[in-house]
Every structure is written in C-alpha cells, then in structure tokens.
Amino acid sequence: MLETEQKPPNNRASRRDFLRGSGLAAATTVLTGRATAAIEEARAQDSEVQVLSGEIPLKLNVNGEEKATVAEPRSTLLDTLRNRLDVTGPKRVCDRASCGACTVIVEGETVYSCTTLAVSCQGKAIETIESFDTGPNGVPYAFHQNDGLMCGYCTPGFVTSCKALLDQNKNPTLEEIQRGLDGNICRCGTYGGVFKAALAAAKTMKGA
Amino acid sequence: MNAFEYAGPTSPELAVKAIGRSGAAFLSGGTDLLNRMKDYVATPSRVVYINDIKPLAGVHASGGAMSIGAATKLAAIVHDKTIEAHLPALHRATAEVGTPQLRHMATIGGNLLQRPRCWYYRNGFGLLGMKDGKSLVRTGDNRYHAIFLTDGDALFVNPSSIAAPLIALGAEATLLGPKGERTIAVEKLYQVPKSAADSELTIAADELLTKVTIPRIRGKNATYEIRQKRAYDWPIVLASAALELDGSKVTSAKIILAGVAPIPWRSEEAEAAIVGKELTTESAEAAGAAAVSKAKPLSMNAYKVTLAKVAVKRALLTIAGKKYWEEA
Amino acid sequence: MASWPQNPKLIGGRIPRLDGLGKASGKTKYPSDVRPDGTLFGVLLTSPVPYAKIKSIDASAAAKMPGVKAIHLVVEAGGTLHYQGETIGGVAAETEEKARDAVRAIKVEYEILPHVATEEQAMAPGAPQIMNGGNVRKGREVANPKVDEAYRAADFKLDSTYSIPVITHVCLESHGLTVRWDNDDHMTVWASTQNVGGVSGELAGAFQIPATNVHTMTEVMGGGFGSKFGADVWGVIAGHLSKKAGGKPVRMFLDRSQEHLTGGNRPSGTAHIQMGATKDGMLTAMIAETHGTGGSSRGANFPLPYVYFVPNAKRSHSDVYVNGGDARAMRAPGHPQGCALMEAAMDDIAAMIGIDPLDFRIKNLPPKDFRTPIYLQELELGAKAIGWKEKWKPRGQNGSGTIKRGLGLGLHQWGGGGTTDKQVSCTINPDGSVEVKSATQDLGTGTRTILAIITAEVLGLKTTDIKSNIGDSLFPPGQPSGGSTTAPSMSPPAYNAALQARDAFLAKIAPALAAEAQQLSLADGQVLIDGQPKISWKDACRKLGMGSVSVTAGALPGLSSNGVGGCQFAEAEVDVETGVVKLKKIVAVQDSGLIIDMLTWESQVYGGVIGGINPALFEERVMDPGSGLMLNADMEMYKLAGASDIPEIVVIPLDTPEMRARGVIGVGEPPTISTAAAIRNAVSNAIGVPVNKWPMTPMNVLDALAAAKQGKA
Ligand SMILES: Cc1cc2nc3c(=O)[nH]c(=O)nc-3n(C[C@H](O)[C@H](O)[C@H](O)COP(=O)(O)OP(=O)(O)OC[C@H]3O[C@@H](n4cnc5c(N)ncnc54)[C@H](O)[C@@H]3O)c2cc1C
Ligand code: FES
Ligand code: FES
C-alpha cells in the first residue's frame, strides 16, 4: 500500500486495484499475429493492471536525477515539476497545450508538460531547461546575446523548443526555425531576437 | 480537473478490460481529453492510459496496404516516407495539425476520436450548444460552425483534420471491445447527433480503436487546408480528394471536406461534377462550385462557403499539379 | 540644465540585458515561481455567469475538504456580479488540485439577471440597463461651428464606419502574487506587477498597516502591458487567506481564462466617420460619432481626430457598458484605436481623391506641431525602407492571379515623458562593487540594464560591473512602469546619483592618491590623474577603507523630454480567394530622444510592432450574446501570432544629434500604435476594397470583398 502522510481526496483511502489478466484469451484470438505476440510478451511481464488513485508516490527522472514526490494521478507533469519539485523553468501560461511555455523534453521529444500527466512519465527521461548548457555554446547564451527575450516568461519554452530543434537539425534555415518554434507564443514579441539567437546557436553548436 | 483513478495497462486487451465500466475514458496523447477534463467538460472517474501500449503504435506497410496503430504519434506519420510519397493527402493534413510539441504527443486514434472544438461545447453548453432549449450557436458567434446540415440542431463541425484524408483514401478502423474485434469504415465512426444526449461518435465507450488500415491506393490524392495563421491554427476548411485517373480523365473520385459539417463531409456533388471529366482548372472550379451547391451557411459564416469551394478546387488542382496560388 | 555625456562609451550601444541569461536559462525565479517554505496554493473563485445577484453562498462544505486551510469570500448574499470572471472569493489549500476542488465545492446560488454582453445588445432599444444612467453614456460633443458646412462643401466626401474589437492583455505570467504574513503587521509579497510601490500601498490600505511594513518584491515579471498596477482584489484575498492560515505564504495567480476575463482588456472602438477633402488633397472637415466599451464600469475613449490637421472637426463619443470584464490601460491607451480608425479613413479618402496616400498624409500634417519635421524625416526613412516609390500602386492594381499585393502606412504619436520626483541610490563599496537601487521594476523593457549602463558610463566601468537592484518596494521611490515613463523618470536620477557618487568617491580617495579631487577622473576601469591612468578601480575602492560611498539622488532637469512621433509601413499579400493575409514586411521608424541601449530599444520597437500585428490580423475577444460569456478565453481560439506569422520587421531609430539632445523619452508604447492601421491599409490597398473591421481575418476580408461585389452588382 501507499505510504503517505497526506490524506487522499474525499477521505477515500488510497488504493491500488488489480485487474486480473484472466479472460484475455477470447480477445486475443482475434488479434493479428503481430499483436498477439506482443500481447504474449506483455502478459509475461504483467498480467494485471494496476489502478492508482488518491495521493500516490511518484518517481520522476528529471535531468538525470531520480526525484521522488507525492502527487495525484491528475497532477500534470508541469504542476508536479513546478509545485512539488521546484523545477520552475517551465512555465504555466495557457495550461491547455497551446502556448509552449511549459515545453519540456520527454524521451527526446518536446511535449507540453501542462497537458501530460506526471504519472505517465514515470520511467521516462525528462529534460528541462535547467539542464541546458549556459555557457557560450549553449542556446540560453545565444538568446541572451541576441536579446531573444523581453519579459522572459515565454523564454524557457522557446529555448527548449530551440534546443530540441537544433539537436535534430544542425543547420536550419530561417523557415525551419520558424516552423520548429510554431508551438510557442511570445506576447512581448521577441521573435526577431529569437530567430537570430537560433541561427547563432546553430552556428556555435556546429563550431563546438 | 476532477480526481480519477488511473490505470496504465500494457496491452490492448488489458486496456479494454480496465475501461470496462461507465465513466471511464481512454487517455492517449491527452491533448484533447485533458483539456476537456480541465474545463470539466469531461469528468471520467477512471482514465486508462494507452499511449505506451507498444502494439498500438507504429506504421506498417504490407502488400500496398498501410496500417497505422491508434497510438501512433502524428510526428511518426509525418516522418513516414511511404506515407509522404503515396498518401500526400494524409501526410499534408497530418503535418499541418497543431505544433511540433502537439505532434509529438497527439495520436492518430485520439485525433479521429477527439471531441468537437465548438466553443459552445467547450464552454459547457453541450454538443448542440443549447441554453434553455434554444440554440446559442444559431443566434450567436457561429463563424467557425457548420455550413451543411444546418437545418438540424448539430451545428458544430467535426474537428479532425485527419479523418477527411483517411475517408477519401477508403480507410478502415479496427475496434476492440469486450466482445472482440470489429472493423468499420472510418466514416462510420461518425454520426450526426440527434439530441443533446447523443454522441457524434459511434464507437462504444468500452471500445478501443486499435488501428486504421488504408487499402492499396491506385490513384492520386491531395489535401488542401485553409487556415488563418501560418503558425498553428485550426483549418477553417480543409478538403481531401482521392482520384483515380485514366490519363487526365477522372474515373472515380472521393472528396471529403472538414470544418463544414458535424461529420467529415463527403461531397457527392463535387464527386459527380468531376468524374468523367478531364482534370482541368475549369472542371476543378466546377467541382468546387458543386461542392457548395447545397451549403446553407449560418448568420456569420457565409465566407466558409467560399472557402469550401476554393479548398475543393485547390485539392483537385494539387493532384493535377496545377497550382495557380502561392503556398502559405 | 544638466546634459548627457557628449561622447558616451556605453550609452547608445548594443548592450545585452543584465538579467538575460538568468531568464534564458530558466534559473530566474518569477513571482509565480517563488515557493517559500510552507506555501499554500490559492485558487480564485470567479463568476461563471455574466450578470447575477447572489442569492446565497455557502463555503462550509469546501472548508471541510482535505487539505483546505483557508477560505475568504469578498461577495455576500445579495451582492451583484457584473461580468463573467468577477471575483467572488478564494481558497488556500495544501495543493493546487485540492484548492481547485474546494473552489468548486463552494455553493453559490445565483439569481440570473438579463445581461448585455455585446455592444450591439447594450445599445439595442429596450435592452436591459445594467448601469444607473443607462448602458450608453454619451460624452459632450466637441464641434467646430462650421464643420457641417465644410463637410457639405467638400470636393470629396467619405462616409464610412470602422471598428476594432476589444482585445485582452494576455500577459504570459498571469496577474497574481505570493504573500506571507511575517508577523501581525508585516507582510512579504512577491508580486507580478508594474508597480511594487502600488502593491505595497494597496495591501497596506486593505490591512490597515503602514505601507513600509509591506515588502513587495518583483525581481522580474512576465509582462503587464498596462494591466498590473495594484495588488488587485485577488491579492487582497491572498492576504486574508495567508492571515487565516496563520501567516503561511499563499500563492495566488489567475488561471488563463480568468486572466482574459478579469485581468484587464483594451476597449473597442467604432467610428462613423464623415470626412471631407479638397481635390488637391487637403482635409477640410471630419465628423466622427464614436463608441466603444470598456466593460461594466470603465470608459472607452480614444483620441480622434488623430495626428493630422483637420480644420473643421466634430466629435461625439459614447461609452457603452456591457457585462464584460473592465478595461485597463493597455500599451498606449486609446491611441491604437484612434490611430486605426483615423488612418483607415485617411486611406479611404485618399483613394477617392486618387492621391498617393503618403503624399496625402504629408500634406495634412499639422503645420505648427513640433512633431511635423520629425514625421517628415521619419516618413522619408520609412518610405525608402519599404520601397514606397517603386512598389506603391493605387488600390487593387498590384498583383496578378489570386495574390494581390499592397502597401499601407500609419502615423502615431505619444508622450513618453517622465516624472521628476523619483530617486535612485548609488553605492560604491570598498570591494569595488557598485550597486544602484530603486523601487521601480523591469517588465522586460530593460530598465534594470539602462540604470546600470548610465552608472557604468559615469564611473568608467562595464555594465556588468554594476549590480542593478530594482523591483523592491523598500528601495528609494521609483517609477511605476506605465505610459512609457520609466526610462525618462529613472534615467535622470540614475545619472545624478552616479555623478554625485562619483564626486563623493573621488573626493574621498583623492588624499590617498596625493591629488586634488578635481584632477581625478574615471575611465576604462581606472582612476586617472590629470588624464593619466593611475590606479585600477578596484584598488582605488580599497582606499575607501571601511566605508562605502552611498548617495541617493533625484532627477536633474534637462535630461529627459516628452512627445514622440513615429510611423509604420506595411507590405501585405492577400489571397483574394481565401481572404488569408500574409505580411511580407513591416518598417517601423521611431524617435524617442536619447536611446540608452540600442539593443533593448530595438526589441521594444520590434515587440511593439508584433503587439500591433496581433490585433491587425488575429486578436479579438469574442463575446456570446446568448450566454453572455467570452467564448475564447484561452490561447487557442484567442489567436496570437506564432513564429511563422512573423514577417520581416525593420526597425529604424530616428537617432540624430537633435533627437539625442532631447534627452531620454520612453518607447514602450508608441511603436505599437500604428501597426494595425498600416496593415489594414496595406490589405485594402491590395484587394482594392476597404476592409472596415479589424482583425483582418479571412471572414472580414472575404465579407468586405463580397459586400463590394454586391454593391457593384
Ligand atoms: C493548439 C491545438 C491545435 C490543434 N490543431 C489541430 C488541427 O489543426 N487539426 C486537428 O485535427 N487537430 C488539432 N488539434 C487537436 C489534436 O490533434 C487532438 O487533440 C489530438 O490529435 C488528439 O490526440 P490525443 O492522442 O492527444 O488524444 P486524447 O486527448 O488522448 O484523446 C482524445 C479522445 O479520444 C479518445 N481516444 C483516444 N485514443 C483512443 C483509442 N485508441 N480508442 C478509443 N478512444 C480513444 C479519448 O478517450 C478522448 O476522448 C489541436 C489541438 C490543440 C491543443
Ligand atoms: S502552458 Fe502548456 S502549452 Fe501553454
Ligand atoms: S518575452 Fe515576454 S512573452 Fe516572450
């Protein structure tokens, strides 16, 4: 059972239910051979489904470090990072997958952490802006030098998208940079500095 | 977002098992479901996370047919070379969905089964956007709403950019339920709800979409999307066309519009106008005009009639390789 | 009169902002990031309905929920709510998730009142009246007696109606603060604000403690644009929650939809304009009947006529009240609306006359205004940069096929002067460190950096040698950041403090250097005697022994001015089949006196342009007449430009010796004013048809084309 001091919502005891994997056979027979093989494999590993509710202990791998905390299944990755783990580089702005301020890298790909459940990120590598190189070869430095920020609240999201973009494409054109950053919104309107920063960072990263 | 129970099954069967009760929902990329949950438009008591179920993901080609697992990320579809080469209608529509982050998260299954983006629905007035028994949509801000079937009560538009090309390409959806598996045409996933209690989706609450299969394609296909912002934006109107051609003569056509009706809208009028004709600027123009011949716009969205006409024309002329416009 | 250094080393250069790397690496803590020990999470309860009386309100169930530590309500049974999003109360709980649950468990019974959510509804005959004195408050008409006659006699008469909708600020960091009671009469506050002093003052007033007992800090903040000047009702609620929870810190920030609904907005503007001009392009008359809404209690006026000399004018304006969130100042309040409506009419009548709209504007500049020569220089620079001579064609004559091209322009003006009562302290320490302090704040405008530049200039140091400490209410009184007043208010005292600190410093170390203070000067990190480098800054500072030099100083006269012009040009392509507008290029020419940091100055202007592109093309608060709700209180259907929407933007400073001699003038606001006007004019020039409703969406563009076709048919 869960070991937590905090009480779960609605005074309901935290619990884990296990759904037995029995009765599977009927369903599997109609599956394709490929799927069946995979199912067999899955069944071998796990023939039951764990059901989590209330407050649950979570282990998240953030920037290469195992971090433990207590959250709820509904806690977003963003709120878990910000409110529980003090990882506040990613910002909460729209909270609806439409501005990019909360962008983090999960298993090598940028995602909106506001629209990702923390519980589904266990066992996955989570990278946030806090782990980026802040030296002259890094993306943050290029943003600084090219004034790719004003209030700076959108900036961690832009820097993260930009870093992920440059990791995939060492030599982007301006248009590719724009496409790559289309999932982020800046209200102060620093796009010009951001584009310059991305081009500059591509240059130094290649040089480095 | 209300509290819920969370299950993370490792197989499609276990997923169906875990969902087996009322008030539960599958969670894939979450980009639609979690938004609705945050707005309390959806309040599942259990969430079954299917995005990490390996057999549900991946693009597989076999014998000219193509199967795409329901939990395949949109980014994977965009990057698939076979799809890019042979199914440009699907490639293009998928590449234009949302943003890089979104395409890393959103899945094709979730895209097909996402709920309408109608702002009345999202603000809590139900699928039909009713208040005190009256349609808010009809007298309200319906700039993004339907231009077909507007005599009825369902005035929202189907939100999926990807359903249109899939239907044009004759794709089928495979559903796994507690009683086993069934396969239906993708267009059969959708229906026009008759009352506020109805859904616009035909899939049962305990059915899992496991994959979509696109049969071998003989002709050519294309999608043309009209949207305002070049950075992410919803299409105002999108048209997908799949044609079979004999030389430049069209022998069969499937033309599907998104953004114009509560279901992906098959335009039999446009199809009839182009079949048997040479594919030219004039015939494409005529097909566009035919596509909207039965449109009945609402108070604010007559402009969408123009857009639907243009989208059909341009989808056809993309196939013909006769682009007279500038790419956005 | 004081003057700025004649040959500055730093001032006017391109200097990266001091806080840039901290922000760009995600390390800097914003007010919404701060989480002092024991922090409770606050969530605000706001009205879900547009207009209602509260029949009853019961928080007892919520109070019993797990993790809930405090509840505070500001509306009682019998109270009235005037718009969706109006504050009702707040909850503090151990987690944000729990606080949200508790807010939803507060039971409120509403007696729904008939609402008016749109201006059309509010102005309709028989509309429910939501304001004592009526929904429409007509201001006094200002009229030149000959105006009707002049209009009737004009060679060309324009008669058109234009409108620009309400937009909201969309500060990316929403409004809010974290507050902690340190003891019975002291509070510490981390606020996202444009005015640390104002936050302290408001909280002090609410809790009846001295303002000096409220320590407000805003090291950085995520955007305000005019909407963040106080603690606000939610800040006061957070204070009560913290108090009820035994002083524990309470973090209270609006969610995105609340930010749209109650965080402020820019009023709409609609103008019925009748304009008269002569054959040779001289304006003779302008009659404008205008209205706009600033929500349920605020006005919506804007300047009109704008910029140009109109010999005979008549203006009447009505404020329209609706059940919508109240307006707040937003980047150059009133001017973007006035500019858009005026410049649209200017272009439309120029097209009627058949005159080049650039020439038309030049002809009608006010003959006696000090800005006119500035405008003339700016127009020349801008026209050249956009290629006006080569590219401009009369309406609808540019482009073949479905893509039509167009050019447009707009002129604007602003004050941007400062106050003279603010102070900066400058401290030189024996270890060589230098610190400047003031209770102003940096909204991303670069305030922190320009104070350091000015100080470094005087002390012969590098900008990075200066610790620029602002955003703290306990520091010497600084300028609230609004009206583009921060730079002109803060630069003079920064300069004065640095000069005085320098003089005191040199006087103090002179004996140790066996020199007279008058022989000493500072440059390149050295102390010079009679112009010869003698000793490094650090070593010289050591000679201070135990004591620092610290000076707090106010402004000197002659270092700042007021009043700027500016113009913008836009080049657009419109697909006339789809109504989709693609911007090719924007040129922004701006004067603002002496520019302290060219790098951040350019960013301000560039950002101002984007702040104009958004309402030009995308932004609009959509209110539903039926439900009275805002339909797009998000960042998906409330559209804002993303990276691929940004055209080439050319920023040109009018940076001449005469301009520099004017001293510092603010630039936060002017460069956002005329963008939406220039873009609209470019679109109308391209398609050959005036588009009279902002934003330039496919709907509005195609509707304009369809209306023109019908008119012709
Ligand atoms: C800013 C923004 C812009 C967007 N622009 C576009 C656009 O231009 N075009 C477009 O088409 N979409 C657009 N979308 C929507 C986006 O594409 C969808 O949200 C996404 O595809 C849904 O996929 P998902 O995996 O995240 O689904 P989820 O949110 O996980 O699920 C969506 C729904 O489908 C159900 N579901 C998911 N998978 C299955 C399954 N395998 N079996 C049964 N039920 C299932 C869920 O229960 C849920 O009800 C946009 C979204 C955002 C936020
Ligand atoms: S906060 Fe996550 S996308 Fe905006
Ligand atoms: S820098 Fe302020 S929002 Fe981007």
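**Notebook: the domain 1 and domain 2 boundary in chain B**

I counted two salt bridges between domain 1 of chain B and domain 2 of chain B. I note that this is a predicted model.

I looked up one bridge by name. B:Arg227 forms a salt bridge with B:Glu96. Their closest N and O atoms are 2.9 Å apart. That sits within the 4 Å cut-off for a salt bridge.

Next I checked the bounds. Domain 1 of chain B comes in two stretches, 55-113 and 158-214. Domain 2 of chain B covers 220-322. So I place B:Glu96 in domain 1 and B:Arg227 in domain 2.

I then looked up polar contacts. I found six residue pairs in polar contact between the two domains, with both residues at pLDDT 80 or more.

Which helices supply at least two residues each to the side of domain 1 that touches domain 2? I found α5 (88-95) and α10 (163-168) of chain B. I sorted the residues of that side by type: 14 are nonpolar, eight polar and three charged.

I turned to the contact as a whole. Here 25 residues of domain 1 of chain B are in contact with 20 residues of domain 2 of chain B. The area buried between them is about 1,700 Å². Carbon and sulfur atoms give 63% of that area.

Which residues of domain 1 lose the most area to domain 2? I noted B:Glu96, B:Asn158 and B:Ala168. Together they make up 29% of what the domain 1 side buries.

Last, I looked up the spacing. The C-alpha centres of the two domains lie 21 Å apart.

Definitions and conventions
Residues numbered from 1 in each chain as written. Chains lettered and ligands numbered in written order. Predicted model: local features only at pLDDT ≥ 70, side-chain atom pairs only at ≥ 80, totals over all residues. Heavy atoms only, no water. Contact = heavy atoms within 4.5 Å. Buried area = accessible area lost by both parts, 1.4 Å probe. Salt bridge = Lys/Arg side-chain N within 4 Å of Asp/Glu carboxyl O. Polar contact = N/O pair within 3.5 Å; in protein donor to acceptor, adjacent residues only side chain to side chain. Helix = DSSP H or I, 4+ residues; strand = E, 2+ residues; numbered from the N terminus. Nonpolar A, V, L, I, M, F, W, Y, C, P; charged D, E, K, R; others polar.
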